Amino acid sequence: MVAIPSRHKSLVLLAGVIVLQVLLLAVQIKRDSQGRLIRVWTVGAVSPFERAGSYGFGWVRDVWHHYFALQNTAKDNEQLRRQLDTLKLQNAQLQGKAAEADRLAVLLNFRQSHGDVPMITARVIGASAGTASLTIQLDRGERDGIRRDMGVITPDGVVGKVVESYANDSKVLLLTDKESGVGAKLADSGIQSPVGGQGEPLLVMKYVPNDDSVNLGERVITSGTDRIFPRDLPVGIVTEIKPGNPFKQIRVKPAADLERLEEVIVLLSLHPVDMKKAGEPSDAQSSAPGAVSPSPVVKR
Amino acid sequence: MNDAFDLRMGESHIEVHKFRAGAIIVATLLALVIQSWAPIHFAKAAVLDLPLLVTIYFGLSRRNPSTGLLLGMAIGLLQDSLSGPRVPLGLYGIAKTIIGYLASSIGARLDTEHPAARFALTAGFFVAHQGIIVITRRILLAQPEPWFNMRLAIAALVNGIVAVFLFLLLDRLRRPS
């Protein structure tokens, strides 16, 4: 047997070890095996140290971040507060725009469903300067076809009527004003009576005899008798009924939110129009324009 | 093998170092644990090859080619085991076996205590280690692998720099002669 010189022993060992590992590689390729047993042992032996290291590092990092690395916290806090304020402002603006978009969508829907009725949407740009009269100012006027005594509504219900019309804007007397009124009737019983304002948030239904039966929560709609508003537009809901002499004292909550008006619809006609139902044949009444004039109660 | 002795190559005087009990095992395990754990928290730590640095250090210090290659094989196979099923057992094993042998052989002939020598040797061994892996992949595993790129050059420099400080730390594990 040939003796291996001692200085070559390490070279022989190197060659042997490499050949063994090449064979190991070849076995893995041929059998598509990945030496699972060896891997399981190694991972099992090392993973406790890795886990301990990870916990230890996490602890050190937490201590560092929460106790030592706080020199910029006040500055960051101040910056974040400023960002929060800005974002709050943006959020409020976006909410306002979203609400406006919703309102405009309702108006558009209303207009599309009453395409045969001439109407125009207008933005509320001002309110009455004092409490003597409850009016609002619109951004549209005579140039847009708006004339005195035209009806003003929202998709929710009646708002009032135009009392002054200028070239580019107009003034609307709200239904809640003392001088205002609308021909109305109770939706269920059909009892007709004008509804007018008292300078307060609630309206009053004026001429309903004590003998007539009226229910709380009953809907009040336009009767069309005032020749300004078409029939069956919502006016409000009965919220209070008291016996009176000779008529009941009936208070009505307006259907339209008259304290938060932003966009309204002006009915561009001095002739009575019928907006009852889409597709229903129109039975418009006489075309004579006229102011709202409370009429004696008429029971249908 | 654990006894300290001097190798005399002509006029040179090179000392073989002994280490505290369990120092090699602990250092090897620590290197493997940190290698598999650090990149999770510091992505850039992936350029380091701590098991290779440990192989080089103990190869250069022990100056025994047989010990160096066996230690390199053990560390390489452990690293293969921890590298997941996509890395076949033997890939790092072969590379670190050869590097362990080369480091021990060079350590027996040169003074490798100077930081500049340690930096240059580590960077060179890193490139050689990568070259062996590429050869193994291309020839034995038929897996295409680029021979050289800028990332490899940067990694070689980074490992060389880290080695200078790591080796100073590992020097403290030596038994006083």
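This is a predicted model: local features need pLDDT of at least 70, side-chain atom pairs count only at pLDDT 80 or more; totals for chains, interfaces and linings use all residues.

Helix H3 of chain B covers residues 65-82 and helix H4 of chain B covers residues 91-107, and the two pack at an angle of about 155 degrees with their axes 7 Å apart. That angle makes H3(B) roughly antiparallel to H4(B), since angles over 145 degrees count as such. The crossing of H3(B) and H4(B) is right-handed.

Helix H1 of chain B (residues 23-41) takes part in two further pairings. With helix H2 of chain B (residues 50-62), its axis comes within 8 Å and crosses at roughly 160 degrees, and H1(B) and H2(B) are therefore roughly antiparallel to each other. The residues that make this contact are Ala23(B), Ile24(B), Ala27(B), Thr28(B), Ala31(B), Leu32(B), Ile34(B) and Gln35(B) on H1(B), and Leu50(B), Pro51(B), Val54(B), Phe58(B) and Arg62(B) on H2(B). By class, the contact of H1(B) with H2(B) has 10 nonpolar, 2 polar and 1 charged residues. H1(B) passes H2(B) in a right-handed crossing.

The pairing of H1(B) with H3(B) has an angle of about 30 degrees, and the axes lie 11 Å apart; H1(B) and H3(B) are therefore roughly parallel to each other. Here Ile24(B), Thr28(B), Leu32(B) and Gln35(B) of H1(B) touch Leu71(B), Ile75(B), Leu78(B), Gln79(B) and Leu82(B) of H3(B), and these residues divide into 6 nonpolar, 3 polar and no charged. The crossing of H1(B) and H3(B) is right-handed.

| Helix pair | Angle | Axis distance |
|---|---|---|
| H3(B) and H4(B) | about 155 degrees | 7 Å |
| H1(B) and H2(B) | roughly 160 degrees | within 8 Å |
| H1(B) and H3(B) | about 30 degrees | 11 Å |

Turning to the meeting of the two chains, 25 residues of chain A are in contact with 31 residues of chain B. Between them, chain A and chain B bury about 2400 Å², of which 77% is on carbon and sulfur atoms. Within chain A, the residues that lose the most area to chain B are Gln21(A), Leu25(A) and Arg39(A), which together account for 24% of what that side buries.

How confident was the predictor? The model scores ipTM 0.78 and pTM 0.51. Chain B averages a pLDDT of 84, with 90% of the residues scoring at least 70, although over residues 1-12 of chain B the pLDDT is below 50, and this stretch has 23 contacts in the model beyond near neighbours in sequence. Chain A averages a pLDDT of 80, and 84% of the residues score at least 70. Among the elements of chain A, strand E11 (residues 249-254) has the highest mean pLDDT, 93, whereas strand E13 (residues 298-299) has the lowest, 33. Over residues 277-300 of chain A the pLDDT is below 50, and beyond near neighbours in sequence this stretch has 46 contacts in the model.

Technical notes: Residues are numbered from 1 along each chain as its sequence is written. Chains are lettered from A and ligands numbered from 1 in the order in which they are written. Side-chain values use heavy atoms; hydrogens and water are left out. Axes are lines fitted to C-alpha atoms, for helices over the stretch in contact, and angles run from 0 to 180 degrees between N-to-C directions. Helices (H or I, at least four residues) and strands (E, at least two) are DSSP runs, numbered from the N terminus. Angles under 35 degrees count as roughly parallel, over 145 as roughly antiparallel, 65 to 115 as roughly perpendicular and the rest as oblique. A crossing is left-handed if the near helix is turned anticlockwise from the far one by less than a right angle, and right-handed if clockwise. Contact means heavy atoms within 4.5 Å. Ala, Val, Leu, Ile, Met, Phe, Trp, Tyr, Cys and Pro count as nonpolar, Asp, Glu, Lys and Arg as charged, and the others, Gly among them, as polar. pLDDT is the predictor's confidence in each residue, from 0 to 100. Buried area is the accessible area (1.4 Å probe) that two parts lose on being put together, summed over both.
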